[in-house]
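Thanks for making the time this morning. I would like to walk you through one structure, so please have the sequence and the model open while I talk.

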Amino acid sequence: DGVVVSEKVKSTNLDVKIPESELEAEEKGAEEERPRESDSNILDVSSDYPRDKHISIQRHLADLEKLADLREDEKKPCPLCPEEKFKACYSHKLHRHLQNLHWKVSVEFEGYRMCICHLSCRPVKPNLVGDQTLSKMGAHYHCIICSATIVRRTDMIGHINRHVNKGETESRFITVRAPKSSYEVVKESATDVQVLPNHSTPQKTDSYFNPKMKLNRQLIFCALAVLAGERKPIECLDAFGATGIMGLQWAKHLRSSVKVTINDCNENSVTMIKENCHLNKMKVKLNIKEEDNDETVGNGEENSDTIEVTKMDANVIMHLRSFDFIHLDPFGTSVNYLDSAFRNVRNLGIVSLTSTDISSLYAKAQHVALRHYGCNIVRTEYYKELAARTVIAAVTRAAARCNKGIEVLLAVALEHFVLVVVRVLRGPTPADDSAKKVRYLIHCQWCEERVFQKEGNMVEENPYQQLPCDCHGSMPGKTAVLLGPLWSGALFNTGFLRRMLLEAVQYGLDETQPLLKTLVCEAECTTLKHFSTHSPGDENKQEECGVYIRTPNTSAESYLVHGKRKSEEVLRSAAKRQRAEHSAEHPPFYYNIHRHSIKGMNMPKLNKFLNYLSEAGYRVSRTHFDPMGVRTNAPLTQFKTVLMKYSTPTYVGAQAEGPVHLPGEIQVGEEVPAATEIKVEEPELVGDDKSGVAAAVFTQSYPAHCAAD
């Protein structure tokens, strides 16, 4: 039995042909040929499938022994080991060697065994002379699909699993769609999509789908629904489609109000998007040139249920075409696509972007934030809002380079993402106004007080004077750090958020409504108990970024006084006062109530503390950035003063809850501090009155000013 393989000493080629003995055995009979044929195909392989593979990939141990050409009376070398590693030996010893050292540690895939190989197959780095040498060491495996060489067995198993999850189950880099049984169908907001088994790992799949981003998708849908109510139809782009779930939700719910384009640069993702469109009974338009010849688009029918699917780079499609609504959701940062997004976006259009590089934005990798966003940040108590303002600053600079300004409609920073939605205002004047709002922030590292640097180009002699705190005077060395540049304007637009809430109620997005209510309260800097679906200042028309939007007039009853409408002067003054109230921006940043609590004191409940600050004359609200955060225009000193005033000592709360002990029963280490050596005379008790005892204990065990409070 001749073997069509070059001699071992003369060649170290990776790919050789299967022995002729195996080919002859396959052609012996029809009964034997059919199972061999079905087994030899990995997955629906055509007849012209290349039959050459590495000699370490075999079906049976007998095939490996045939390759070695075992003979009892002759010594034969191992076909998978170099001669210096394993010398030629007789058949019984070579059989044990092949079985124990090659076959038992092989990796199985579709009936084939990828045995371990010790040949000099892997190139190494150039030596000192500069010649490319081959490895003399190292056992490795040869991948049957892509011919890659993998050292570790566990890595080889993971490598094969990644091929299977991507649908690559043929060798020679031929990509084949995975069988239908391997897909999972996920339903979200009445939209069905097919996903691969590893859909939640973006590095290992072509169609990334993250169920945790459902809230993000619903917020973007509400923003698009608001824009669709202003003008119809609008052209919207999902630049990174993946499974196409977001674009499908747009087209399925908004219908003829939108013309949806889903783009992705990956061929497998584009194929899956088309399949998901058909799964949701949506028509697919491949591109503009094929519109007449495309069979999926019916003649004479409306294109309300038609989705355009494109396969090109996101920067290219945004350079070539204009859109009213663009959403960017790449893996990681989106700064590489901002210039293209603002280049052709239409006037008064909306650009939304989701940034998932939270390690850099949340100041865990500060050097990456400096590299991507050109911004210096540190970890602070308000780091999530700092991340949102960092992204908006990058968006502002990108828009200004295209002579466009922005109006921030929404900025959300949660655990997994940072979402920013802005409206585009064309012209150099809005661009200049927006660019002026990008400023540096002075942050005190001792008390965490912060203030935006004043406008102007003149160098200030002592920038510490801008901080409300006096840490620089009382502490040695430098106490503050300069952060930024950051966006210093508002993060929310109240009118836009209220209309988003109406859209969420209309489409039944229950998970989004609590967050939108919190955002409305945060934008108006009010507490949730004062929240109403329609603001008291609702008029027939509401001006927003130069656009007049009709809103429902629910305040008609307030214009009636004893059956008569108010006079025009009263209405005009009321509207002027309401515009002044809504024009006031919310205070920047927030304070964490736990971060500034006093040791040994029980701080009040958060909602009560908000009322205390409001009674003191400050604007106050909760924030979605931090569940224990308080957004207020009060300085940090006043914040701490009010917190101290309404905090109670820990042990007094314990006495109020538990039994009251007489002074004679009080232990030194429990109620009275050791440093306090004040002797208080025991008051006379009348009956069961013990109030005097409690007052005496409180006076002697805590400072006088706390007792007065």
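Let me begin with a definition: a residue is called buried under 20% relative accessible area, exposed over 50%, and partly exposed in between, with a 1.4 Å probe and protein chains only. The model is predicted, so local features need pLDDT of at least 70 and side-chain atom pairs count only at pLDDT 80 or more, while totals for chains, interfaces and linings use all residues. Residues are numbered from 1 along each chain as its sequence is written, and side-chain values use heavy atoms, with hydrogens and water left out.

By that definition histidine 142 is buried, because its relative accessible area is 3%. It lies in strand β4, residues 141–142; helices (H or I, at least four residues) and strands (E, at least two) are DSSP runs, numbered from the N terminus. The side chain of histidine 142 makes a polar contact with the side chain of histidine 54, at 3.3 Å, and another with the side chain of histidine 140, also given as 3.3 Å. A polar contact here is a pair of N or O atoms within 3.5 Å; within protein, one must be able to donate a hydrogen and the other to accept it, and residues adjacent in sequence count only if both atoms are side-chain atoms.

Now to the strands, where two of them pair if DSSP finds at least two bridges between them. Strand β6 (residues 184–188) pairs with β7 in the antiparallel sense over 5 bridges, and valine 186 has valine 193 in β7 as its bridge partner. In this hairpin, which has 2 residues between the strands, serine 189 takes a positive phi near 55 degrees. Of the 5 residues of β7 (191–195), 4 are buried.

There is also an open sheet of 8 strands, in the order β10-β11-β9-β8-β12-β13-β15-β14, with mixed pairing. Its edge strands, each pairing on one side only, are β10 (283–285) and β14 (404–413). Within this sheet, β9 (residues 258–263) and β11 (residues 306–310) pair in the parallel sense over 3 bridges, and isoleucine 262 has valine 309 in β11 as its bridge partner.

Which kinds of ring pairs do we find? A search of the whole structure gives 10 aromatic pairs; rings of Phe, Tyr and Trp (its six-membered ring) pair if their centres lie within 6.5 Å, and planes under 30 degrees apart count as stacked, over 60 as edge-to-face and the rest as tilted. Phenylalanine 240 and tyrosine 337 form an edge-to-face pair, because their ring centres are 4.9 Å apart and their planes stand at 80 degrees. These two residues are 97 residues apart, phenylalanine 240 in the loop between β8 and α7 (245–254) and tyrosine 337 in the loop between β12 and α10 (338–344). Phenylalanine 240 is partly exposed, at a relative accessible area of 21%, whereas tyrosine 337 counts as buried at 17%.

Tyrosine 382 and phenylalanine 589 form a tilted pair, with 4.6 Å centre to centre and 55 degrees between the planes. Both tyrosine 382 and phenylalanine 589 are buried, and ring pairs link Tyr382, Phe452 and Phe589 into a cluster. Arginine 389 lies over the face of phenylalanine 589, at 5.0 Å from the ring centre; a charge sits over a ring if NZ of Lys or CZ of Arg is within 6 Å of the ring centre and within 35 degrees of the ring normal.
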